[in-house]
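The following exercises ask the reader to examine a structure step by step. Each task is followed by a worked solution.

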Amino acid sequence: MGDFDITSKDASGSSHRLVTNIVMMGMGEPLLNYRNVKQALEILMHPSGLAYGKQRITLSTSGIVPNIDRLGEDLGVKLAISLHAVTDELRDVLVPINKQYPLAELLAACRRYQLREFAPKSAISRSRRGGGETGVEEEAEEDEQKMGFNGKRRITFEYVMLKGVNDSL
């Protein structure tokens, strides 16, 4: 889809109710169509366009890591990650792009995305990696306070439960 095709979708809805938020999803992987999606979002956010604030727009992705970084630099809209599994082994089956961008890389990109607006790149590059270590949560809170994280860039993790596949511990 081109940027015109994306922005010309009926944003008003058939009931003529005011649209307050936009979620880009369900049209293929938007971050594989980055140029057109970026142009469409710029139109939606432009004061002469529909003037949506970046906090009113969410882009859903399966995890194209390089373009998550670009999105954070270019637009800073809200991010939703189609996770669907918590191990690489299962996510490789359910979300094939995981073979190219495994969970550790995806979660590191998510952390960079959250912090990009509030911290210099040197601080972002030293941000901690997840793990089962003792004290990681306290360290994360300290890092967030030092870097000025204030929660404006929350990330939603989407997880579809499939009976007998990813619905148990």
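**Exercise 1.** Determine whether leucine 107 is buried, partly exposed or exposed.

*Solution.* Step 1: recall the classes; buried means under 20% relative accessible area, exposed over 50%, and partly exposed in between (1.4 Å probe, protein chains only). Step 2: the relative accessible area of leucine 107 is 43%, so this residue is partly exposed. Step 4: compare sequence and space; leucine 107 and glycine 63 are 44 residues apart along the chain, and their C-alpha atoms are separated by 9.2 Å.

The model is predicted: local features need pLDDT of at least 70 and side-chain atom pairs count only at pLDDT 80 or more, while totals for chains, interfaces and linings use all residues. Residues are numbered from 1 along each chain as its sequence is written, and side-chain values use heavy atoms, with hydrogens and water left out.

**Exercise 2.** Describe the sheet: what is the order of its strands, and which strands stand at the edges?

*Solution.* Step 1: the four strands form an open sheet in the order β1-β2-β3-β4, with parallel pairing; two strands pair if DSSP finds at least two bridges between them. Step 2: β1 (22-24) and β4 (155-158) each have a single partner strand, so one side of each lacks a neighbour in the sheet and these two stand at the edges. Step 3: from one strand to the next, the twist averages 20°; axes are lines fitted to C-alpha atoms, for helices over the stretch in contact, and angles run from 0 to 180 degrees between N-to-C directions. Step 4: three bridges join β1 to β2 (residues 57-61) in the parallel sense, and methionine 24 has leucine 59 of β2 as its bridge partner.

**Exercise 3.** How many salt bridges does the structure hold, and which residues form them?

*Solution.* Step 1: apply the criterion, a side-chain nitrogen of Lys or Arg within 4 Å of a carboxyl oxygen of Asp or Glu; the structure holds two such bridges. Step 2: glutamate 42 pairs with lysine 38, the closest N and O atoms being 3.5 Å apart. Both residues lie in helix α2, four residues apart, about one turn of the helix. Glutamate 42 is partly exposed at 35%, and lysine 38 is partly exposed at 25%. Step 3: aspartate 69 pairs with arginine 112, with closest N and O atoms 3.0 Å apart. Aspartate 69 lies in helix α3 (residues 65-74) and arginine 112 in helix α5, so the pair ties together parts that are 43 residues apart in sequence. Aspartate 69 is buried at 17%, whereas arginine 112 is partly exposed at 23%.

**Exercise 4.** Which residues of α3 are buried, and what covers them?

*Solution.* Step 1: the buried residues are Val65, Asn67, Ile68, Asp69, Leu71 and Gly72. Step 2: their cover includes α2, β2, β3 and α5. Step 3: after α3 comes glycine 76, with a positive phi near 70°.

How values were computed: Contact = heavy atoms within 4.5 Å.
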